Amino acid sequence: MAYIISMVSQKGGAGKSTLARLLARELAHNGMRVKIADLDTQQTTCTGWASDRAEAHIDPEIQAQPFGNLRTALAEAGRFDAYILDGRPHSSQQTIEIARAAHAIIIPTGQTKDDLRPAVQLAHSLVDTGIEPSRIAFALVKTTRSVVEVAAARSYLEQTDYAVLDGDLPISTAYGIAHDAGKTVTETPYRTLNEKAERLAQAIVDRLVALTTVKEAS
Ligand SMILES: Nc1ncnc2c1ncn2[C@@H]1O[C@H](COP(=O)(O)OP(=O)(O)OP(=O)(O)O)[C@@H](O)[C@H]1O
Ligand SMILES: [Mg+2]
């Protein structure tokens, strides 16, 4: 059975495609069969990136494919251990659909109230459509070096009914450069940055394991 993980946000540029690529790389690196279903057919960020990666012969190769339709995308999920759905922004209907299909729903958010509020609102609106709150987790992305501000953002999110993933992804030019070269945020030349990203990826995996273990046991 494929574990299905959806990256969703209302805001554009929140970090969905960054997390999709990060998780895909970490799982593939650990020998899992992984694919990113790129449901953002306007930007096809992950598809373009996967092609850059293949061209640069970076291991492990990551499969990504654009899909205009969730049903078509899900039809082949069974061939993989993990299937990552990367959604487009500003799309309430698609966001709900891909959230519904997922074992784990990850909402990336920045640390300011301008970003946190819409992230929490999105989570609430998903729950309003019948999605279990436990399946939703926030990831702090594009954080600054202010430990106090990051901690305040984390505490804001922790007051909700949703999980907040351990770790965060600070803003760094090196992360952007990595993406440009077909790499992920764990593949920069800087060990500290790679380890920060690995921690966040591990938190997503831990969350997924916790959710699917509970499901299988019940
Ligand atoms: N921590 C970071 N530091 C620097 N740049 C980052 C970081 N995280 C992401 N980026 C860059 O920010 C931009 C937006 O990130 P990303 O594409 O992951 O967001 P998105 O939510 O998928 O956007 P969209 O809503 O447009 O699909 C990209 O250019 C990405 O390379
Ligand atoms: Mg994107």
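# Reading a predicted fold

Trainee: Where is Pro60 found?

Mentor: Pro60 sits in the loop between helix 2 and strand 3. Helices (H or I, at least four residues) and strands (E, at least two) are DSSP runs, numbered from the N terminus. This is a predicted model, where local features need pLDDT of at least 70, side-chain atom pairs count only at pLDDT 80 or more, and totals for chains, interfaces and linings use all residues. Residues are numbered from 1 along each chain as written, chains are lettered from A and ligands numbered from 1 in written order, and side-chain values use heavy atoms, without hydrogens or water.

Trainee: What kind of peptide bond joins Asp59 and Pro60?

Mentor: Look at omega. The bond between Asp59 and Pro60 is cis, with omega about -10 degrees.

Trainee: Which side chain has a polar atom 2.9 Å from the backbone oxygen of Pro60?

Mentor: That of Arg53. A polar contact is a pair of N or O atoms within 3.5 Å; within protein, one must be able to donate a hydrogen and the other to accept it, and sequence neighbours count only if both are side-chain atoms. Arg53 lies in helix 2.

Trainee: Is Arg53 buried or exposed?

Mentor: Arg53 has 0%, so it counts as buried. Now try helix 5 (residues 113–128), which holds Val120. At 9% relative accessibility, Val120 is buried.

Trainee: How many residues of strand 2 are buried?

Mentor: Five of the five, residues 34–38, so strand 2 is largely enclosed by the rest of the structure. In a regular strand, side chains alternate between the two faces of the sheet. Here Val34, Ile36 and Asp38 are buried on one side, and Lys35 and Ala37 are buried on the other.

Trainee: Which strands pair with strand 2?

Mentor: Two strands pair if DSSP finds at least two bridges between them. Strand 2 pairs with strand 4 (residues 82–86) over five bridges, in the parallel sense. Strand 3 (residues 63–66) also runs parallel to strand 2, over four bridges. Follow Ile36: in strand 4 its bridge partner is Ile84, and in strand 3 the partner is Ala64.

Trainee: Which residues have a positive phi although they are not glycine?

Mentor: Thr44 is one of them, with phi about 40 degrees. Thr44 sits in the loop between strand 2 and helix 2 and is partly exposed, at 24%. His90 is another, with phi about 55 degrees. His90 lies in the loop between strand 4 and helix 4 (92–100). With 61% relative accessibility, His90 is exposed.

Trainee: Which residues come nearest to ligand 1?

Mentor: A residue is near a molecule if one of its heavy atoms lies within 4 Å. Of the 18 residues around ligand 1, Lys16, Thr18, Gln43, Pro170 and His179 come nearest. Helix 1 (16–29), strand 7 (163–170) and helix 7 (173–180) each supply at least two shell residues. Helix 1 gives the most, four residues.

Conventions:
Buried means under 20% relative accessible area, exposed over 50%, partly exposed in between (1.4 Å probe, protein chains only).
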